[in-house]
Amino acid sequence: MLTSNRVKNLHPYVPGEQPKDRDYIKLNANENPYPPSPKVQEAVLDFVKKHPEKMGLYPDPDSAELHAAIAEMLNKTGGVLCRAVYKSGDDDIAPSPVDKIPFTVTPEMIYTGNGSDEVLSFVFYAFFDSGSTFVMPQFTYSFYPVYAGFYNIPSDCIPLNQDWTLNTEEMLAHAAKNQGGIIFANPNAPTGLGLTREQVRKMLLTADKDQIFIVDEAYVDFGGESCIPLLAEFKNLVIVRTFSKSLCGAGQRLGYIVANPELVNIVTTVKNSVNHFPLDAIAQVSGTAACRNPSYYADCARKVVTERESFYNFLVDNGFYVLKSQTNFLFAKKPGLGGDELYRRIKSSGLLIRHFNTPGIEDFVRITIGTKSQMDELRKAVLEAIK
Ligand SMILES: *Cc1c(COP(=O)(O)O)cnc(C)c1O
């Protein structure tokens with residue numbers, strides 16, 4: 001027998017397709033259609049040209065400069081880019097009053113890893129246990145069940161409400177019974193719907209303080225409410241975020257958590273037991289430069305929000321049922337036309353959107369919001385598809 005028994009039980013995540021056969025307009029993986037800030041490009045080129053010797057040395061295992069830059073960005077923006085307010089000057093940006101964090105986020109509250117997928121895997125390893133069952137929504141980020149299988153952690157999937165929102169009461173009731181912690185994305189994927197900070201706070205007040213409570217904020221910069229302000233009140237809260245969506249950095253593989261330092265230290269211990277250097281030197285340089293230019297990314301987030309609202313109206317006007325998204329994608333279905341059929345018709349017009357073959361959501365497609373010209377192409381393809 002060549003393989004371990006463990007390997008036989010793996011059910012790997014299937015990402016949005018990345019075809020090479022044709023130049024598709026890619027609206028299927030929730031990537032940001034805009035490139036990183038010119039300052040990021042400059043910082044990376046500078047690093048490679050001026051410090052080539054550093055490419056031969058191990059990077060900082062603690063990513064200290066990056067952690068400081070992330071903390072500063074969160075303090076300056078309140079952790080929701082699309083609502084951050086310009087002051088004058090290049091990077092003079094302030095949180096909108098609703099987002100202001102009532103304490104200072106410190107670098108000790110940040111942990112970074114090789115994409116939030118890796119971060120989530122370490123978080124699962126650190127805080128969920130094979131001896132107890134954790135709770136998640138039935139429809140949420142489809143990597144969570146993959147990690148549960150990988151680490152052999154039992155899970156309890158709670159159906160969504162009729163209106164596709166999270167059934168928070170049922171999740172709390174099951175969490176109280178199982179004593180194994182909770183995870184969900186907020187805003188959730190693939191629905192795009194979010195809970196308010198106050199709704200999450202009420203959940204945290206009810207939940208067992210000894211159980212971990214994980215909120216994945218991959219999409220919060222496009223209009224959700226961040227739970228970072230709740231960290232002062234709840235020591236069992238872990239917030240997971242990523243550079244892949246709002247920070248135009250999916251290619252960089254940068255994800256992070258914001259949590260109290262004791263929890264950050266636990267995840268760091270896991271990391272140091274697997275890979276001491278999850279972030280390469282160039283990723284640290286580019287991530288740091290991105291965080292120092294939040295106004296650029298706030299602009300990108302606002303452009304995405306504008307396109308999202310306009311495309312929402314287009315779909316509704318053409319007879320689609322569309323959920324009211326707080327993210328950089330729309331979850332929609334056309335009555336009478338299956339999700340798979342719609343996906344295939346759009347693909348034949350040269351655009352990729354995402355269809356999940358999951359019972360319960362198979363009528364829907366998930367459409368990533370691109371640039372205005374990409375969305376104009378998609379408008380034409382949709383009109384053709386529903387003709
Ligand atoms: C995209 C996504 C991630 C993964 O992000 P990476 O940092 O690219 O690994 C995590 N959680 C949710 C909900 C996502 O949609």
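## Exercises on rings, charges and cysteines

A search of the whole structure finds zero disulfides, a disulfide being a pair of cysteine sulfur atoms within 2.5 Å. This is a predicted model, in which local features need pLDDT of at least 70 and side-chain atom pairs count only at pLDDT 80 or more, while totals for chains, interfaces and linings use all residues. Residues are numbered from 1 along each chain as its sequence is written, and side-chain values use heavy atoms, with hydrogens and water left out.

**Exercise 1.** Classify the ring pairs Phe143–Tyr147 and Phe243–Tyr256.

*Solution.* Rings of Phe, Tyr and Trp (its six-membered ring) pair if their centres lie within 6.5 Å, and planes under 30 degrees apart count as stacked, over 60 as edge-to-face and the rest as tilted. The structure holds 22 aromatic pairs. In Phe143 and Tyr147 the ring centres are 4.5 Å apart and the planes meet at 10°, so this pair is stacked; Phe143 and Tyr147 are both buried. Phe243 and Tyr256 are 5.8 Å apart centre to centre, with 75° between the planes, and form an edge-to-face pair. Phe243 lies in the loop between strand E9 (237-242) and strand E10 (254-259), and Tyr256 in strand E10, so the pair ties together parts that are 13 residues apart in sequence; strands (E, at least two residues) and helices (H or I, at least four) are DSSP runs, numbered from the N terminus. Phe243 and Tyr256 are both buried.

**Exercise 2.** Identify the cluster that ring pairs build around Phe143 and Tyr147.

*Solution.* Ring pairs link Phe143 and Tyr147 into a cluster with Tyr13, Phe124, Phe128, Phe134, Tyr141 and Tyr144.

**Exercise 3.** Locate the charges that sit over the rings of Tyr34 and Phe314.

*Solution.* A charge sits over a ring if NZ of Lys or CZ of Arg is within 6 Å of the ring centre and within 35 degrees of the ring normal. Over the ring of Tyr34 sits the charged end of Lys303, 4.5 Å from the centre, and over the face of Phe314 lies Arg379, at 5.6 Å from the ring centre.

Notes. Buried means under 20% relative accessible area, exposed over 50%, partly exposed in between (1.4 Å probe, protein chains only).
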